[in-house]
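Open the model in your viewer and keep the sequence panel beside it. This tour tells you what to select next and what is there.

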Amino acid sequence: MAVIVLALSAVSLFLPAAALWVQTAWINPLLMAVMFGMGLTLKTEDFRYVFRHPRNILIGCVSQFTIMPLLAFALGKAFQLDTALLAGVILVGTCPGGTASNVITYLAGGDVPLSVGMTSVNTLLAPILTPAITYILLHASVAVDVWSMFLSIVQVVIAPIALGLLLNHFFGKYTRFSC
């Protein structure tokens, strides 16, 4: 998987025209395929550890919703960004890592279950905390369609990972690639 991701990234970077055939409407299905692939690399034991030791997820969540937006705010102020740009930087700072963070964690040999767990928890908290933090820092509100965001998280992240995890659990000898 790492070789495929790196090869496609290199082609897209050095020959952007070669990737123009990918339609915007394909983004969610492609992300779902990536998350399914991530699920195939996981075992139920991986998540048991994560849920038995929630401290790491808690540290990640607190960091995501304190350090990131405060750093974004401080940098925005230091560079004297106008209000609209500052709001954008803060919004990016409060948004949790997504599919890409899980793939990078996998490619780097990191703790994929922890990454997936943090992504899931942070993404579930984001519809509440992102507007709240934005309001605290900018005194401006952000409208969020919580239900739509929740359904998107389930569809794009949780369901494909769960399906890959189940297939790996029941058909592990067929899903593992060996050289």
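Start by colouring the chain by pLDDT, the predictor's confidence in each residue, from 0 to 100. The mean pLDDT of the protein chain is 84, and 96% of its residues reach 70 or more. This is a predicted model: local features need pLDDT of at least 70, side-chain atom pairs count only at pLDDT 80 or more, and totals for chains, interfaces and linings use all residues. Residues are numbered from 1 along each chain as its sequence is written, and side-chain values use heavy atoms, with hydrogens and water left out.

Select helix α3 (residues 44-52): confidence is lowest here, at a mean of 77. Then select helix α4 (residues 55-78), where confidence is highest, at 92. Where pLDDT is low, the predicted coordinates should not be read in detail.

**The whole chain**

Switch to cartoon. The protein chain has 8 helices and 0 strands. Both kinds of element are DSSP runs numbered from the N terminus: helices are H or I with at least four residues, strands are E with at least two. The C-alpha trace spans about 55 × 45 × 30 Å along its principal axes.

Of the 179 residues in the protein chain, 28% are buried. Buried means under 20% relative accessible area, exposed means over 50%, and partly exposed lies in between (1.4 Å probe, protein chains only). Now consider contacts, meaning heavy atoms within 4.5 Å. Among contacts with a separation of 6 or more, 74% join residues 24 or more positions apart.

**The nonpolar cores**

Select M35, M38, L42, F47, V103, V112, V116, V156, V157, I161 and L165. These 11 residues form the largest nonpolar core. Such a core is a set of buried Ala, Val, Leu, Ile, Met, Phe, Trp, Tyr and Cys residues joined through side-chain atoms within 4.5 Å. Which elements give two or more residues to this core? They are α2 (27-40), α7 (112-138) and α8. Helix α8 gives the most, with 4 residues.

Centre on V116. Leaving aside neighbours within four places in sequence, V116 is in contact with L42, F47, N102 and I161. A second, separate core has 8 residues, including L86, I90, L137 and L138.

Select I153. This residue lies in helix α8 (residues 146-175). I153 is buried, with a relative accessible area of 6%. Not counting residues up to four places away in sequence, I153 touches T123, L124 and I158. Draw a distance from I153 to G117: their C-alpha atoms are 13 Å apart, and the two are 36 residues apart along the chain.

Move to N122, in helix α7. Is N122 buried or exposed? N122 is buried, at 3% relative accessible area. Not counting residues up to four places away in sequence, N122 touches G60, C61, Q64, F65 and P96.

Stay in helix α7 and select I133. I133 is buried, with a relative accessible area of 12%. Beyond residues up to four places away in sequence, I133 touches F65, P69 and T94. I133 and F65 are 68 residues apart in sequence, yet 7.8 Å apart in space, C-alpha to C-alpha.

**The cysteines**

The structure holds 0 disulfides; a disulfide is a pair of cysteine sulfur atoms within 2.5 Å. C61 is buried, with a relative accessible area of 8%, whereas C95 counts as partly exposed at 41%.

Select Q80, in the loop between α4 and α5 (83-94). Q80 has a positive phi of about 50° although it is not a glycine. Most residues other than glycine have a negative phi. Q80 counts as exposed, at 70% relative accessibility.

**The largest pocket**

Finish with a surface view. The largest pocket holds about 840 Å³ of space. On a 1 Å grid over the protein atoms alone, a pocket is an open set of points where a 1.4 Å probe fits, with protein on both sides within 12 Å along at least five of seven lines; lining residues have an atom within 4 Å of a point. Grid points are joined across faces, edges and corners, and a volume is the space filled by probe spheres set on the points.

Select I4, V5, L8, L30 and V34: of the 24 lining residues, these lie nearest the centre of the largest pocket. The elements that give two or more residues to the lining are α1 (2-14), α2 and α6 (99-107). Helix α2 gives the most to this lining, with 7 residues.
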